[in-house]
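Here is a short tour for anyone who likes to check geometry by eye. Open the viewer and follow along.

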Amino acid sequence: MFQKNVETILNRQVEREMFSSNLYLSMASWSEQNGFDGISKWLYAQADEERLHLLKIVGYINERGGKAIIPAVEAPAVEFENPKMMFAKVLTHEEFISNSINEIVAVCFVEKDFTTYQWIQWFVSEQIQEEKSVRTILDKLNLIGENNLYVFDRDIFALRTAAETATA
Ligand code: FEO
């Protein structure tokens, strides 16, 4: 049986994944407006990935006989100081999402819903990868400084391709 508390916290995650997708879409758009085409491509792809996460949760709630709720979400920021500050925000947000996933794991334990506990492990692993890839980007931004953003922008998408190949 699908417990109400599990359904509720999964619906909370639908809202958070939707906000993540919109946040990265907003960052992608800002990057495009400011001439960072590579960064914007990376963020558009990330926004798509977050949408896939929310679709995965919606599908799971409904499959278990629950009711997925498609929420209104808070509007994301539209202005960002520079790429480094922007990716620092991405990391903070992903750490928040990792905590949020851990809270789902905890509710599954309390409710003894070991089916959802097992299902949510995919998100636990995904968060490790997402945090790692953003930390790699921030490390590179720290190394190159403000003067070599052109090269960083040209090469950032290759980092995504490399990470996807490594986890395929
Ligand atoms: Fe779907 Fe990056 O959390």
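This is a predicted model: local features need pLDDT of at least 70, side-chain atom pairs count only at pLDDT 80 or more; totals for chains, interfaces and linings use all residues.

## A buried glutamate

Helices here are DSSP runs of H or I with at least four residues, numbered from the N terminus.

Is E50 buried or exposed? Its relative accessibility is 1%, so E50 counts as buried. Leaving aside residues up to four places away in sequence, E50 touches E17, S20, S21, Y24, E94 and E130. Q127 is 77 residues from E50 in sequence, yet their C-alpha atoms are 11 Å apart in space.

## Helix α1 and its partner

Helix α1 has 30 residues and spans 44 Å from first C-alpha to last, close to the 44 Å expected at 1.5 Å a residue. Just after α1, G35 adopts a positive phi of about 85°.

Helix α1 (residues 4-33) packs against helix α3 (residues 83-110) at about 170°, with the axes 10 Å apart. Angles over 145 degrees count as roughly antiparallel, so that is how α1 runs relative to α3. Sorted by class, their contact holds 16 nonpolar, 6 polar and 6 charged residues.

## Aromatic pairs

How many aromatic pairs does a search of the whole structure find? There are 9. W30 and F36 are stacked, because their ring centres are 6.1 Å apart and their planes meet at 25°; both residues are buried.

F109 and Y117 pair edge-to-face, at 5.2 Å centre to centre and 85° between planes. F109 is partly exposed at 47% relative accessibility, and Y117 is partly exposed at 28%. Ring pairs also link F2, Y60, W119, W122 and F123 into a cluster.

How values were computed: Residues are numbered from 1 along each chain as its sequence is written. Side-chain values use heavy atoms; hydrogens and water are left out. Axes are lines fitted to C-alpha atoms, for helices over the stretch in contact, and angles run from 0 to 180 degrees between N-to-C directions. Helices (H or I, at least four residues) and strands (E, at least two) are DSSP runs, numbered from the N terminus. Angles under 35 degrees count as roughly parallel, over 145 as roughly antiparallel, 65 to 115 as roughly perpendicular and the rest as oblique. Ala, Val, Leu, Ile, Met, Phe, Trp, Tyr, Cys and Pro count as nonpolar, Asp, Glu, Lys and Arg as charged, and the others, Gly among them, as polar. Buried means under 20% relative accessible area, exposed over 50%, partly exposed in between (1.4 Å probe, protein chains only). Contact means heavy atoms within 4.5 Å. The expected span of a helix is 1.5 Å times one less than its number of residues. Rings of Phe, Tyr and Trp (its six-membered ring) pair if their centres lie within 6.5 Å; planes under 30 degrees apart count as stacked, over 60 as edge-to-face and the rest as tilted.
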